[in-house]
Amino acid sequence: MATPSAVAAAPRRPPVGQVRSGRNVELVLVLAAVAIAVFGYVEVGVNIDGRAPSDAASYGAALAGLALVAHGVIRWKARYADPLLLPLAILLNGIGLVVIYRLDRATPSNHAAPTQLLWSTLGVALFLAVIVVLRDHRLLQRYAYIGALAALVLLILPIFFPPVYGSRIWVTIGPFSFQPGEFAKILLAVFFAAYLAVHRDSLALTGRQIWRWQLPRGRVIGPVLLVWAAFVGVLVLETDLGTSLLLFGLFVVMLYVATARSGWITIGLLLASVGAVTVGWLSPHVHSRVVDWLHPLASIAAGQGANQIAQSLFAFAAGGILGTGLGLGHSILIGFAAKSDFILATIGEELGLVGLVALFLLYALLVSRGVRTGIALRDPFGRLLAIGLAALIAIQVFVVAGGVLDLIPLTGLTLPFIAQGGSSVVTNWIIVALLVRMSDSARRPSAPEET
Amino acid sequence: MAKPRNPQRRHGISTTGRRAGMFCLVLILALAGQATWVQVFQAKAYDDNAANQRTAIERYAQPRGNILVGAAPVTGSAPTGGRFDYKRTYTDGSQFAAVTGFSSQIYGNTQLEGTEDSLLSGTDNRLAGWALWDEISRKQNPGGDVYTTISKAAQQAAMQGLGNQKGAVAAIEPSTGRILALASTPSYDPGSFAGSTAADQNAWNALQADTNQPMLNRALRQTYPPGSTFKVVTAAAALANGTVTDINAPTGAPSPYVLPGTTTTLVNDTTACDRSGLSLDTAMVLSCNSVLGYLGVQTGLDKMTAMAENFGFNDAKLDIPVRAARSNFDTRMNQSQVALSSIGQFDTAATPLVMAMVAAGVANNGTVMYPQLVDKLTKSDGTTVQVMKPSTYKQAMSPAVAGQVQQLMTDVVDNGTGRNARISGATVGGKTGTAQHGVDNSGTPYAWFISWAKPAGSSAVPPVAVAVVIADSNATDVTGGGLAAPIAKSVMQAVLQDH
């Protein structure tokens with residue numbers, strides 16, 4: 001029960017009974033998300049074979065099982081969590097499974113959907129573990145530095161493994177392979193949030209003034225720059241440009257949110273431009289990406305046929321406004337990475353602009369719920385972390401989708417929750433788990449704290 | 001100098017976080033904007049890009065509609081197992097190649113396969129039940145069928161008659177213009193390169209390299225000097241314009257006939273022609289160059305041109321619906337050239353199709369019907385899409401004049417050079433032609449025969465008119481009567497028996 005002092009300490013929090021937990025809304029939305037995914041699965045079968053896939057029921061049951069278990073644990077351990085987060089994650093993951101299953105039908109020798117379902121299960125398991133084990137997100141603050149170190153190790157690891165398609169981002173042990181960079185980005189977000197929460201005032205208020213810009217003291221900004229430089233340096237060595245761009249964007253956004261110094265954005269963009277030009281100049285790999293971005297159809301004129309970007313654009317164009325319908329497009333012409341980096345092209349072709357915009361809206365909703373959580377929280381660490389994680393999703397969607405849509409050079413990242421890739425889907429479930437945990441803290445009425 | 005700012009003036013995380021959120025939404029909005037640009041505004045350009053395989057994939061995703069002769073398809077579709085699901089097959093490809101043309105995944109579609117492609121491939125709007133809804137739902141309609149006017153028996157007779165020789169046959173039903181046979185030899189199997197494999201490419205390359213040009217449709221797309229068969233046109237012009245009124249009266253042609261403005265005599269193939277006072281009928285029966293050359297000059301260039309054009313000469317857009325090559329009769333000539341042109345020499349050149357129109361126009365009492373190869377178009381379920389109606393091409397001459405020309409042609413077969421085309425129990429009218437060509441006439445002459453036939457005693461319009469040309473044969477004695485007439489005879493017999 002609320003004590004008078006607790007009410008006084010948190011005046012914006014209404015007492016228990018006035019807050020609707022939203023759990024029933026979440027249940028309805030989760031079931032709707034499962035239904036949409038199953039509908040998509042059936043549609044693929046109907047459009048390709050003329051009948052529903054024989055395992056549609058078991059597929060639906062598996063997805064519904066995961067969804068209901070996750071919902072149950074939220075009811076039990078995070079009763080006041082934002083009711084949109086879980087349904088959004090389930091829906092995105094379900095759409096991903098449907099599209100991967102659809103692409104499997106075009107590659108009879110390579111079936112990725114069962115593996116993806118397995119990884120999704122592991123992702124949900126970790127989601128539950130985070131919610132059950134992590135009672136308060138502020139505990140993470142204590143492990144921020146160890147986390148940053150662990151992240152650096154994770155990022156360095158792939159250097160000792162053979163490169164895959166020009167990038168050293170994979171760790172392969174026996175039949176298993178994963179991208180440590182995916183996990184590292186959460187740890188880095190935690191580190192930034194923790195560090196900036198402590199030092200934001202000194203970053204913002206002290207330091208040297210040069211003309212109109214106020215620069216922070218070296219001893220304050222130094223460690224952050226060092227960590228960031230280590231990450232980006234490693235990633236450039238591994239030619240994992242997508243993750244470099246993602247971490248850089250995250251860094252700039254969080255720095256701005258923490259300090260409110262728009263000068264950081266200027267400096268950030270300046271650094272990014274210098275870095276981009278340098279890398280583009282030094283690395284032929286990157287240089288070719290930039291050329292492909294500016295002239296996606298050049299390889300056709302050169303008589304070498306359509307390259308991946310051109311094939312991707314053909315797929316989007318073929319979809320038009322309404323799309324061909326699931327299973328009826330030819331995005332498999334993209335070839336390599338059709339199920340991972342280029343999976344958005346399949347959605348664009350088969351669900352059309354309408355489906356694509358709907359998907360973007362789902363991401364926008366997920367991002368805005370994350371930002372809202374951050375704003376509603378009281379502690380600076382939580383606020384920075386929630387906004388940082390939301391920005392992580394938004395930037396990642398922008399980098400990969402912008403790449404395949406030829407809006408920016410293609411760098412290679414996974415579309416959150418949808419693209420094939422175990423590390424990615426597991427990481428995204430952990431991000432949503434953290435947002436669920438923090439939104440529960442943000443919306444929890446003024447009951448005795450559980451710490 | 002360090003200059004601390006007022007903490008109160010700095011924005012809190014609520015504000016900066018909200019701005020960061022707005023920034024994230026702008027990023028996503030930019031994606032939606034780019035998607036709209038690509039999927040709506042740029043879509044057509046990408047769809048039409050030659051490197052985009054989707055158009056081809058969709059085209060071959062379903063079996064192609066069929067081309068039918070009588071009630072039986074002469075085409076089919078077979079699954080390929082490749083990216084392009086179905087390819088064209090032909091039940092008796094070389095037999096009907098001049099009718100169907102080809103449909104190849106690499107080399108495109110020609111002739112009937114080309115002109116009727118939208119119906120056969122299913123994209124024709126007339127196949128759609130609800131055009132707008134089909135557009136939205138991207139429904140692909142099954143390909144429709146094309147029923148030809150070809151008579152299987154006549155086509156077989158034509159191909160068999162041509163055999164190993166280089167030549168062509170066109171046969172027409174005079175009263176309607178329906179094309180009964182369209183044959184060209186040497187022929188080819190259009191199914192041999194319908195797919196997209198290396199074997200298809202090899203077959204195509206071999207056909208392209210063949211000096212005998214097996215893929216040339218000689219019945220439609222090649223013109224030959226018509227030689228003496230053109231005398232039918234000259235006779236019709238002379239009679240229609242009053243140059244000659246009685247086919248049995250002397251024409252007034254001098255012997256020998258010196259080409260106007262020259263000192264050259266227009267020679268005849270037979271000495272029987274080398275006398276004055278010959279009638280038109282005798283001149284036709286003997287195929288006298290001198291008389292018909294003289295009559296052409298007497299009739300005059302303008303009237304000769306008009307009569308030739310009544311039969312399809314100088315028509316560069318004769319579409320049946322496959323476009324025939326333009327047959328030529330010069331419109332600016334001196335009198336000696338008119339004389340030569342009137343016996344089918346000089347620059348006069350005709351497709352077998354147009355020469356069949358000459359015979360058919362005479363047989364149809366002077367009315368030339370527009371030749372047509374397509375009888376009707378249907379949906380895959382048999383529902384009619386369009387039935388082609390006969391239409392008049394030109395009224396070439398009066399029925400009375402046509403009757404006179406019919407008499408001339410009948411006499412040629414009964415008593416003259418066309419005896420090889422006689423059919424017992426039938427009335428046959430015809431005209432032979434043996435056209436010299438090459439430098440100093442060194443080439444093997446083109447052997448022509450044009451004719452029509454009807455059951456003896458019938459007063460109806462003859463059911464068949466035919467033109468045959470043999471361009472290259474191993475025969476020692478190359479004449480229209482010897483080489484071409486027997487083929488015309490067997491084609492006419494096939495139609496008469498069918499009738």
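Student: Are H5(A) and H16(A) roughly parallel or roughly perpendicular to each other?

Tutor: Happy to start there, bearing in mind that this is a predicted model. The axes of H5(A), residues 113–133, and H16(A), residues 422–443, come within 8 Å and cross at roughly 25 degrees. Angles under 35 degrees count as roughly parallel, so the two helices are roughly parallel.

Student: Is the crossing of H5(A) and H16(A) left-handed or right-handed, and how many residues of their contact are nonpolar?

Tutor: The crossing is right-handed. H5(A) brings residues including Trp119(A), Leu122(A) and Phe127(A), while H16(A) brings residues including Val425(A), Trp429(A) and Arg437(A). By class, four residues of the contact are polar, one is charged and the nonpolar ones number 15.

Student: Which element gives the most to the side of chain A that touches chain B?

Tutor: Good one! In the contact between the chains, 53 residues of chain A meet 40 residues of chain B. That side of chain A has 38 nonpolar, 13 polar and two charged residues. Elements giving two or more residues to it include H7 (180–205), H9 (241–259) and H15 (380–404) of chain A. The one that gives the most, with 13 residues, is H14(A).

Student: Which element gives the largest share of the largest nonpolar core?

Tutor: This core has 150 residues, and Ala193(A), Met254(A), Leu384(A) and Ala394(A) have the most contacts inside it. Beyond its neighbours within four places in sequence, Met254(A) is in contact with Phe192(A), Ala193(A), Leu196(A), Leu384(A) and Gly388(A). The largest share of the core, 18 residues, comes from H15(A).

Conventions
Residues are numbered from 1 along each chain as its sequence is written. Chains are lettered from A and ligands numbered from 1 in the order in which they are written. This is a predicted model: local features need pLDDT of at least 70, side-chain atom pairs count only at pLDDT 80 or more; totals for chains, interfaces and linings use all residues. Axes are lines fitted to C-alpha atoms, for helices over the stretch in contact, and angles run from 0 to 180 degrees between N-to-C directions. Helices (H or I, at least four residues) and strands (E, at least two) are DSSP runs, numbered from the N terminus. Angles under 35 degrees count as roughly parallel, over 145 as roughly antiparallel, 65 to 115 as roughly perpendicular and the rest as oblique. A crossing is left-handed if the near helix is turned anticlockwise from the far one by less than a right angle, and right-handed if clockwise. Two residues are in contact if their C-beta atoms, placed from the backbone, lie within 7 Å. Ala, Val, Leu, Ile, Met, Phe, Trp, Tyr, Cys and Pro count as nonpolar, Asp, Glu, Lys and Arg as charged, and the others, Gly among them, as polar. A nonpolar core is a set of buried Ala, Val, Leu, Ile, Met, Phe, Trp, Tyr and Cys residues joined through C-beta atoms within 7 Å. A residue is buried if 20 or more other C-beta atoms lie within 10 Å of its own, exposed if 12 or fewer, and partly exposed in between; C-beta atoms are placed from the backbone.
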